[in-house]
Amino acid sequence: MSSGNILEVKDLYLYYKTFKGIVQAVDGISFKIPKGTAMGLVGESGCGKSSTANAIMRLLPGNTYRYEGSIKLDGMELMDLTDDEFRSRIRWSEIAMIFQGAMNSLNPVLKVGFQVAEPLIVHLGMPKEEALERARDMFEKVGLAPAFLDRYPHELSGGMRQRVVIAMAMVMNPKLLILDEPTSALDVSIQAQIMNLLKQLKKEYNLSMIFITHDIALASDISDYLAVMYAGQIVEYGPIEEVLLNPQHPYSQKLLASIPRLRVDKEPEFLPGAPPGLINPPKGCRFANRCPSRMDICDKEDPEIIWLNKDHFVKCHLYKGG
Amino acid sequence: MSYERSAWKIYISSLVGKAGLILLILMVVISIYVLATYPLDYGIRVWSNPKAWADNPITVPPAWADVFTGRDLVTHYITYTNKPVRTVDIAGLKFKVYELKYTLSEDGFPTSLMVKFFNVTLNTPGGAYFIINFTRPNGDEITLYSFNVVPPSGSELPYIAFAGNAKIIFLSKEQSVGIGLMGYMNNHYHLNLTLDEVNEIGYNRLLFGEPLVSSKSVEWVPLKGDYSVKIYMAGDPKDSVGLIKAVFGGESYGWMGTDDNARDLAQGLLFGFPVALAIGFFTSVVTTAIGAALGIISGYKGGRIDEIIQRISDIVYNFPFLPVIILIVFIISRNPNFPRILAIIGAIIALGWPGLTILIRSMVLSIRESQFVEAARAIGASDLRIMFKHIFPNLAPFIFAQMIFFTPSAILTEAALSFLGLGDPNIPTWGQIIEESFYAGAVLNGWWWWVLPPGFLIMLAAITFVFIALGLEPIVNPKLQER
Ligand SMILES: Nc1ncnc2c1ncn2[C@@H]1O[C@H](COP(=O)(O)OP(=O)(O)O)[C@@H](O)[C@H]1O
Ligand SMILES: [Mg+2]
C-alpha cells in the first residue's frame with residue numbers, strides 16, 4: 001500500500017509539562033515526504049523544529065505530557081509499535097538522525113571509529129572488527145581517511161567531526177535521515193562542503209531527508225519540499241519552488257522578505273513583534289498578533305489546513321472557501 | 001597526540017609520579033621474586049614451623065649491624081658434608097674422616113657450636129662408632145665427644161638411623177665437651193679450671209678463645225684463624241653418613257637478623273611484599289569496582305534504585321571505620337576454618353565502597369544529561385551499555401586514581417588489624433611482624449631490627465601509592481595542570 005511517500009505525518013502532537021505550564025511544542029502538525037526527496041523544515045528558533053524531529057524519532061523527554069498522532073513510514077504506522085519494537089526495528093536502522101550540535105557532543109573518550117561502528121554492534125550484534133570494517137567504508141563515503149577511525153573527537157576539526165556524525169547516521173543505511181541544523185556551528189566554507197556531501201549522499205542512496213534549519217537559503221539548497229513552522233505548527237507546506245517563489249501564508253511571505261538578497265535592491269524587511277509563548281498560546285491563529293492581513297476571525301478560531309493543490313497547503317483564514 | 005600518550009607525558013613529568021612508579025616497580029619485582037622462589041604455603045610450612053629455623057641464632061641483629069656496634073660481629077655460619085676426606089687406621093680400626101671447616105675472622109666468639117647427623121646407614125648389627133674432634137688454629141686437636149649408633153635388635157639391614165629426626169649434638173652445652181676442654185686448657189695453657197668455672201666461662205669461649213692471664217684475673221679473647229670439626233666414623237666399610245651439618249652460632253644473621261623464634265626476618269619481610277601488594281591491589285580493585293558500579297547505576301538510573309543505594313551508602317559511610325572492621329573480623333574469625341585474611345579483605349571492602357559511590361553518583365548526574373548519552377540512547381544502546389561503555393570511560397581516569405588512592409589505606413588497615421592481633425596467623429605480614437616484636441618486648445630489649453624494618457616497609461608501601469596518586473592528580477583533575 002506504499003503511496004510513494006517515505007513518511008506521512010498527520011496531526012502529530014508533542015507537549016511538555018513544566019512548572020510554568022504545558023509547552024505545546026508540536027501542535028498537530030502534518031506533512032509528507034515523497035521517497036528520495038528532502039523536506040526543509042524552517043522556522044525561528046524555539047518554534048518546535050527539534051521537538052518535531054524528536055517526536056518522529058520517539059525520543060521523548062521525561063516530562064512529555066502529550067504524544068499522539070500518526071507517523072507512517074513507508075505506509076507502516078509507527079505509533080502502533082511498542083517502544084521495544086520501535087527501538088529495535090525503526091530507530092537508527094530505518095530513521096537516523098543528526099542531532100543539533102551533535103558534532104560537539106561526541107563521546108570525548110571513545111574513538112570516533114568505534115562511535116560510528118556502534119549502531120551496527122548494538123542493532124545487528126555485529127562483531128566489533130566487522131563493524132569497524134563497515135565504519136571504515138562509511139568513513140570513505142563521507143570523505144574521511146581511514147586513519148581517523150582511531151582518533152578521539154578532540155583531535156578532529158569541526159568539519160571532520162560533522163562528517164563523523166553523518167557517517168554514524170548513515171552506517172545502518174537508513175531510509176530517512178533527519179538533520180537538525182547540521183551546519184549551523186560550522187563556518188561558511190566548511191558548511192558548503194558538508195552541504196555538497198549531503199547532496200551527494202542523497203543522490204547516491206536515493207535518501208529521503210528532513211532538513212531542519214532556521215536558514216531558508218540553506219534549506220532551499222537541498223530541499224524538494226519546504227515546511228514553514230511557526231509556534232509549534234506548520235503553517236505552510238509545499239514544493240520548494242512554489243513556496244519560495246509564491247509564498248501564501250503571511251508568515252512565509254514575511255520570512256522570505258526578511259532574507260537579504262544579492263543583486264536585489266530591496267532592503268530586507270523586519271518582522272516586528274515576537275512569536276507567542278508555547279505555554280497557553282492564543283486561542284486563534286498563533287501568528288495573528290504579527291500578521292499584516294489579520295482579520296477578526298483570526299483571534300477567535302484556529303485556522304484549518306487548506307490544500308491549494310495536491311502538494312501545497314497553507315494554514316490561514318485568508319484562503320478559506322476560496 | 002593521543003589521549004593516552006599525553007596523559008603519560010603529564011604523569012611522568014611529575015617528580016612524585018616518577019618516584020612512586022619506581023617504588024612500585026621495585027615492589028613488584030621483589031614480589032615476583034618471592035612468588036617464584038617461596039612455596040605458596042610459606043606461612044604454614046616455613047614461617048610458623050620451628051623446625052625450619054632450628055639452625056638459626058635467636059634475636060640477633062643483621063650482619064651489617066657492625067656499623068652500630070663498632071666491632072665485627074661474628075657471622076652465623078652453617079656448613080655440611082657427606083664425603084669423607086680420608087680414612088685412617090687407629091688401634092686396628094679403620095675410621096672414615098669427615099671434616100667441617102670454619103674460619104673465625106671477627107673479634108668475637110661464635111655463640112654456640114652444634115653438629116647434626118642425618119641418615120646414617122648401618123650394615124652390621126654392631127653399628128658404628130663416632131668420635132668428634134675439634135681442631136684449633138694452632139693445629140691442636142681436642143676430642144670433644146663420642147657415641148655409638150647401633151641398629152635396634154631384629155631390624156633389617158642395612159638400617160638407616162636418624163632418618164626422620166637428626167641426631168643433634170650441642171657441643172657448646174655437652175658436659176663431656178666441658179671436661180675435654182678442661183683437660184686441654186690444663187695441658188696447653190697450664191690453666192687449672194674446675195668444671196664449674198668452665199661452665200661459667202661458657203664452652204664457646206674455651207672452644208674459640210685463648211686465656212689472657214694477668215696477676216688478678218683470666219680474660220678470654222677470641223682466637224682468630226682456621227678451625228675444623230672432624231668426625232671419625234668406624235664401622236662396616238660400607239657404612240655411610242647421609243649428611244653432617246655443623247652450625248657455628250653467630251652474633252648476627254643475614255640481611256635483617258632474626259626474631260625470638262630464630263626466624264630469618266629477611267624472609268618474612270620479603271614475603272610481606274607480595275602479601276601487601278595483593279591485599280592492597282585486591283582490596284582496592286574490588287572496593288573501587290563496587291563503589292564505581294553502584295555510583296554509576298545510582299546516578300544513571302535514578303528513582304528508587306538511586307534512593308536505596310544512597311541511603312545504604314550514607315549509613316555505611318558513617319560507620320566508624322576501624323572499630324567496625326575490628327568487630328567484623330573478630331566475629332568472622334571465630335570460625336577458625338575461615339581464612340582470616342579473607343575476613344580482613346572482606347571487611348575493608350564492605351566498609352570502603354560508599355565514599356566512591358557518593359562521588360561517582362554526583363558525577364554521573366551531570367554526565368547523564370550530556371548529549372552523547374542521549375545519542376547513545378538514540379542509536380539503541382541499552383542502559384547497561386550506556387552506563388559501562390559510554391559513561392564509565394569518561395570516569396575511568398578518576399576511578400583509576402581513586403583506586404590508587406585507596407590502596408595504601410587497605411595496606412595500612414591490614415597492618416593495623418595485624419598489629420592488634422587480628423592478622424592471619426598463617427600468612428606473615430609486616431603488621432604481624434611488628435605485633436610479634438611488641439609482644440616479645442622488642443622495644444624494651446632494644447631489638448630494633450625486629451621493630452623498625454616492618455614499620456618502614458609499611459610506610460614505604462603506603463607512600464608509593466600516595467606518590468602515584470599525586471602524580472595522577474593533574475591528569476584526572478586538569479585544572480591543576482597549569483600550576
Ligand atoms: N524537554 C523540554 N521540556 C520543556 N520544554 C521544552 C523541552 N524541550 C524543548 N522545550 C521547549 O519547546 C519549544 C520548542 O523547542 P525546540 O523543539 O527545541 O525548538 P527549535 O528546535 O525549533 O529551536 C521551546 O520553547 C523549548 O523551550
Ligand atoms: Mg532546535
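This dialogue goes through several features of a predicted model.

Q: What should I know about the numbering and the model?
A: Residues are numbered from 1 along each chain as its sequence is written, while chains are lettered from A and ligands numbered from 1 in the order in which they are written. The model is predicted, so local features need pLDDT of at least 70 and side-chain atom pairs count only at pLDDT 80 or more, while totals for chains, interfaces and linings use all residues; side-chain values use heavy atoms, with hydrogens and water left out.

Q: In what order do the 5 strands of the open sheet in chain B lie?
A: Strands are DSSP runs of E with at least two residues, and helices are runs of H or I with at least four, numbered from the N terminus. Two strands pair if DSSP finds at least two bridges between them. In chain B the order is 2-3-11-5-6, with antiparallel pairing. Strand 2 (86-90) and strand 6 (141-149) of chain B are the edge strands, each pairing on one side only.

Q: How many bridges join strand 5 to strand 11 of chain B?
A: There are 7 bridges between strand 5 (residues 128-135) and strand 11 (residues 225-234) of chain B. For B:Phe134, the bridge partner in strand 11 of chain B is B:Val229.

Q: How is the size of an interface given?
A: It is often given as the accessible area lost when the parts come together. Buried area is that loss, found with a 1.4 Å probe and summed over both parts. Chain B and chain A bury about 1700 Å² between them, 59% of it on carbon and sulfur atoms. Counting contacts (heavy atoms within 4.5 Å), 17 residues of chain B touch 23 residues of chain A.

Q: Which residues form a salt bridge between A and B?
A: A salt bridge is a side-chain nitrogen of Lys or Arg within 4 Å of a carboxyl oxygen of Asp or Glu. The rule finds 1 across this interface of chain B and chain A: A:Glu118 with B:Arg385, whose closest N and O atoms are 2.5 Å apart. Helix 1 (3-12), helix 13 (371-378) and helix 14 (383-419) of chain B are the elements that give two or more residues to the side of chain B that touches chain A.

Q: Which parts does the pair A:Lys320 and A:Glu301 tie together?
A: Their side chains meet in a salt bridge (3.8 Å, N to O). A:Lys320 lies in the segment after strand 12 (312-315) of chain A and A:Glu301 in the loop between helix 10 (296-300) and strand 11 (305-309) of chain A, so the pair links parts 19 residues apart in sequence.

Technical notes:
Buried area = accessible area lost by both parts, 1.4 Å probe.
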